[in-house]
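Dear colleague,

I am handing over the structure below, and I would be grateful if you could look through it alongside the notes that follow.

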Amino acid sequence: MRRDAGGDGAGRVSTPLLEVQGLRKAYPGVVANDDVSFSARRGEVHALLGENGAGKSTLVKTVYGLLRPDEGRMKLDGRVYAPASPHDARQAGVAMVFQHFSLFEALDVAENVALGMEVPPPMRELATRIRDVSETYGLPLDPNRLVGTLSAGERQRVEIIRCLLQDPQVLIMDEPTSVLTPQEVAILFETLKRLRAEGKLILYISHKLEEIRALCDWATILRHGKVTGSCDPRQKSARELAETMVGSELALPAARTQDPGEVALSIAGLTATSGAAFGTELKGISLDVRRGEILGIGGVAGNGQDELLAVLSGESRSPPESVLLGDLPIGSFGPNERRALGVLAAPEERLGHATAPDMSLVENAALSGRRRMGMVRRGFVNWSKARTHAESVIERFDVRVPGAGSVARSLSGGNLQKFVIGREILQQPDVLVVNQPTWGLDAAAAAAIRQSLLDLASQGAAVIVISQDLDELMEISTRFSALNEGRLSKPRDTAGLTLEEIGLMLGGAHDLEIGLAASRPGRAVEAGEPVP
Amino acid sequence: MDLGSINPVLLVAALLLASTPILLAAMGELVVEKSGVLNLGVEGMMIVGAVAGFIAAVESGSPALGFLAAAAAAAVLALLFGVLTQVLLSNQVATGLGLTLFGLGISSLMGQGYVGIRPPASPRLELPVLSELPFLGPVLFSQHAMVYLSLAIVVGVWWYLRSTRSGLILRAVGESHEAAHALGYSVLGTRLAAIAFGGALAGLGGACLSLVIVPQWTEGMTAGRGWIALAIVVFGSWRAWRVLLGAYLFGGVSVLQLNLQAAGIAIPVELLSMSPYLITILVLVIISSDKRRAQANAPNSLGRTFHASG
């Protein structure tokens, strides 16, 4: 066994591989990085920790040559390092695995890898090398498969192998675990530890505190574009790290209500094909959700979440008897008919699916609420009612906008999500289905949305929350179930579930070790970085 | 009715030539769309190629110069579209439609003094011995050079997209421009090059029409072939071989129905005239009926505006 070079005792004295001094990058209206300095050495997993918009992504994009800093300089291995493009960065030995995968779905694995290399070998040789490297690092991958058919974890492997084939000195990983199951996280950590032992520097961006404490040797903490501290994360508690990172106390949601009522909505043995290329087929889905409870549906992205939402919202029709609202068969009903009956839905994609991006909040309120809120008479929209509805959503859910006339596109992700959820909640649904309700939101907005979902359930509505954030589901759901390759596991009471059980529900039955501490990320902050 | 008057040898020989303008334009548009750009101005670029090639050939007396001028003129027009849509970020659909209208207009202006003139003849490439073969000779070895060139282009485009690094980058740009940008590839450069190439091929197709097939200059002589080329690319689900099939099918049925009309067959002329469009689209729809596979082959960023930021 190899010694873990980046582990204990080495201290912070050896010469740094990467030095960043006084980096500044400003966009109109916001300073993304302000006088950022840090240094990192070989054989180290160096965490860049911070909340949404803290400037982590801007910082690593600068290191990777995608952005040019306004001020400041960098040194790599003692030499001045100023990459003008990612090509320069890759030639200097800096590689990056992106937060939102930079992969091409319609191309196969080998082609995707070739695109990330400066001088790729011929395709056949490349395929052999991909097999070799993937076996060496325990990341099995078939070079000939189309990336569109791979799971999120496998896609990440493609990215990592693409980087490893270049034999980089610095590997940047931007939120690598946000879409992985606990098992996949464990495999990833093994790979990273092996790379560390080989003397590589890994810049690890995350806001998941437990993960950083389990893996990283040193952490640089950012807030509002500035470095607010650096420490050895293993010496600090998650609480201390969170406070340096967030700078304020978090409002945690109240405890969930119990005593669910009668079954509000049920699905039995539903099978549905997906309309989209690379979509997932739903196979034998059965579920029921009761009044007063939140049914949490976990699973890694691309396992049928979008398809399940479409089946529940009425966007894809199914045989009438396969979806029952109480005793009423509604499988063949479209979204409008279901809305009239009190089955409302808020899809994941906020711009373009949940809202029409270029229409005002008033119009977007009318689009979803026109039936239940009585906004339409004889085919004419009563705009003053629509405006009242939109304004009450804005007020009740603390949506920060200049007014209800603002177009949806102009809202930040968190504000728009509050509007989308609030718009449905104020229609007093009997059944509400939401997909990824807090994706990309900061801690405060996410907590507000979770609280409003809990409130809704406690008022007697049945709520289905589809989410990839396990902590969120553990926190708010009464019962938990998971989607894997279009199959839904049998729902179980959330109370008393162990991490291993959850992992097996999420990933199907892989014969893999469970990633322990790694998979309990701190819930303090949620994924996603706003685009500057 | 006299079906005996239809000579199958001449029919097939005519088919290959008649399909060439559409085939060239469609191969150009295939490359453009694979890079993620929807250029609806094929018709305009073809007709500008037709008139520019005609003028250059008449003035210089050399058909070869005419073809070169046609490719260059249409490429310049295509680059106008490229600058508008890629640099100034105008809407691709509207700009493409505008390009067609502009091309039709400027071509009739340029062609004012050239109506009714015959261009210098461009001879067939008679391959010695081979062209004497029965049937195969006239069909395969006695065609105009542009027929051979267009087939070489089909093979070239197929090989380029499948096997070369630059073809891979082009497909990547068309598949996800953000991801290609993140890897450091020039989305703008790739797309402008593809647009210029597509324009040049459309121009060649137009010149093929005015210099070889018709051969003279008339206003609006492309008569919708640019639109057919666009449709063939989509219904051929962005595959070079299917586009070839579609173009030859369309050309073949066009020639056949003219022969049938001449033979006085008892089918209404209107039905015969619509048959090439109908049959081409039906056949291509059927072979690309697997919706998922067709979607997987469609460039994902097709028609979407790309602006590098952050």
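Predicted model: local features only at pLDDT ≥ 70, side-chain atom pairs only at ≥ 80, totals over all residues.

On the side of α7(B), the contact is made by B:Ile169, B:Leu170, B:Val173 and B:Gly174, while α9(B) brings B:Val187, B:Thr190, B:Arg191 and B:Ala194. Sorted by class, this contact of α7(B) with α9(B) has five nonpolar, two polar and one charged residues.

Turning to the interface, chain A and chain B bury about 2000 Å² between them, with 61% of that area on carbon and sulfur atoms. The contact draws on 31 residues from chain A and 19 residues from chain B.

How many salt bridges are counted between chain A and chain B? The count is one, and the pair concerned is B:Arg171 with A:Glu111, whose closest N and O atoms are 2.8 Å apart. Across the same interface of chain A and chain B, seven residue pairs are found in polar contact, both residues being at pLDDT 80 or more. On the side of chain A that touches chain B, the elements that give two or more residues are α2 (86–91) and α3 (109–115) of chain A. The residues on that side of chain A divide into 18 nonpolar, seven polar and six charged.

Over all chains, the structure holds 27 salt bridges. One example joins A:Glu159 and A:Arg162, where the closest N and O atoms are 3.8 Å apart; both residues lie in helix α5 (residues 152–164) of chain A, three residues apart, which is about one turn of the helix.

Conventions. Residues numbered from 1 in each chain as written. Chains lettered and ligands numbered in written order. Heavy atoms only, no water. Contact = heavy atoms within 4.5 Å. Buried area = accessible area lost by both parts, 1.4 Å probe. Salt bridge = Lys/Arg side-chain N within 4 Å of Asp/Glu carboxyl O. Polar contact = N/O pair within 3.5 Å; in protein donor to acceptor, adjacent residues only side chain to side chain. Helix = DSSP H or I, 4+ residues; strand = E, 2+ residues; numbered from the N terminus. Nonpolar A, V, L, I, M, F, W, Y, C, P; charged D, E, K, R; others polar.
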